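I opened my notebook to get to know a new structure. Here is what I looked up, entry by entry.

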Amino acid sequence: MVEDPLTTADCLQITREVGFDHLLMGGKPYTTSCPLPFQADSVKTARDVTRSTLRRWGLHELSDDAALVVSELVTNAVRYAMYDAGRREIELLLMRVAPHVLLAVADPSDDVPRPKEPDFISENGRGLYIVETYSQCWGWDPLDRGGKAVWALFRTES
């Protein structure tokens, strides 16, 4: 964790310089990564990992919003990502770079996430709208190994 407050741009630049591929390997201070299979119950697992990690970091105030956003990111990965011959799972990454928390979900699909105009009557199609509403910003980065990491950034109060 970096103790000096960083701007959003600084935080995103750090993740891009290090690279999501490297961060997803795990074992870094103030990061948590978790492989998830392509199945519906991965959404609950991702929520649980997100909540427990944020509690461990003393960031309980973010847990509800972050769990909702992670649910949407993992749901999109499970629903839309195609199976790659070499990788049959998605990966969740949480990273603390004070005063930010970055959530990322990597999947083997190279398809760019495209927000839809929210249809508030339909039960689906609002995922990226929810991500945008609850996070400070969101985006995606291609992975060197193929696929992408879709991320959302939160600013902490502490």
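Leaving aside neighbours within four places in sequence, which residues is L103 in contact with? I found T50, A66, V69, V70, L73, L93, L94, V150, W151, A152 and F154; contact means heavy atoms within 4.5 Å.

**Ground rules.** I noted that this is a predicted model, where local features need pLDDT of at least 70, side-chain atom pairs count only at pLDDT 80 or more, and totals for chains, interfaces and linings use all residues. Residues are numbered from 1 along each chain as its sequence is written, and side-chain values use heavy atoms, with hydrogens and water left out.

**Overall plan.** I looked up the secondary structure and got five helices and five strands. Helices (H or I, at least four residues) and strands (E, at least two) are DSSP runs, numbered from the N terminus. Starting at the N terminus, I read the order α-α-β-α-α-β-β-α-β-β. Of the 158 residues in the protein chain, 50% count as buried, that is, under 20% relative accessible area with a 1.4 Å probe, protein chains only. I also looked at contacts between residues at least 6 apart in sequence: 70% of them join residues at least 24 apart.

**The cores.** Next I looked for nonpolar cores, meaning sets of buried Ala, Val, Leu, Ile, Met, Phe, Trp, Tyr and Cys residues joined through side-chain atoms within 4.5 Å. The largest has 29 residues, and L92 and L103 have the most contacts inside it. At least two residues each come from β1, α3, α4, β2, β3, α5 (127-134) and β5 (148-155). The largest share, six residues, is supplied by α4. I then found a second, separate core of seven residues, with L93, A104, W151 and L153 among them.

**Helix α3.** I turned to α3, residues 42-56. Its buried residues are S42, V43, A46, V49, T50, T53 and L54. Why do they sit on the same side of α3? They cover an arc of only 125° around the axis, the arc being that of the directions from the helix axis to the C-beta atoms. I saw that the buried residues of α3 pack against β1 (31-37), α4 (63-80), β2 (89-97) and β3 (100-107). Just after α3, G58 takes a positive phi of about 75°.

**A cis bond.** My last stop was P99, in the loop between β2 and β3. The peptide bond from A98 to P99 is cis, with omega near 5°. I jotted a reminder beside this entry: most peptide bonds are trans.

Definitions and conventions: Expected span 1.5 Å × (residues − 1).
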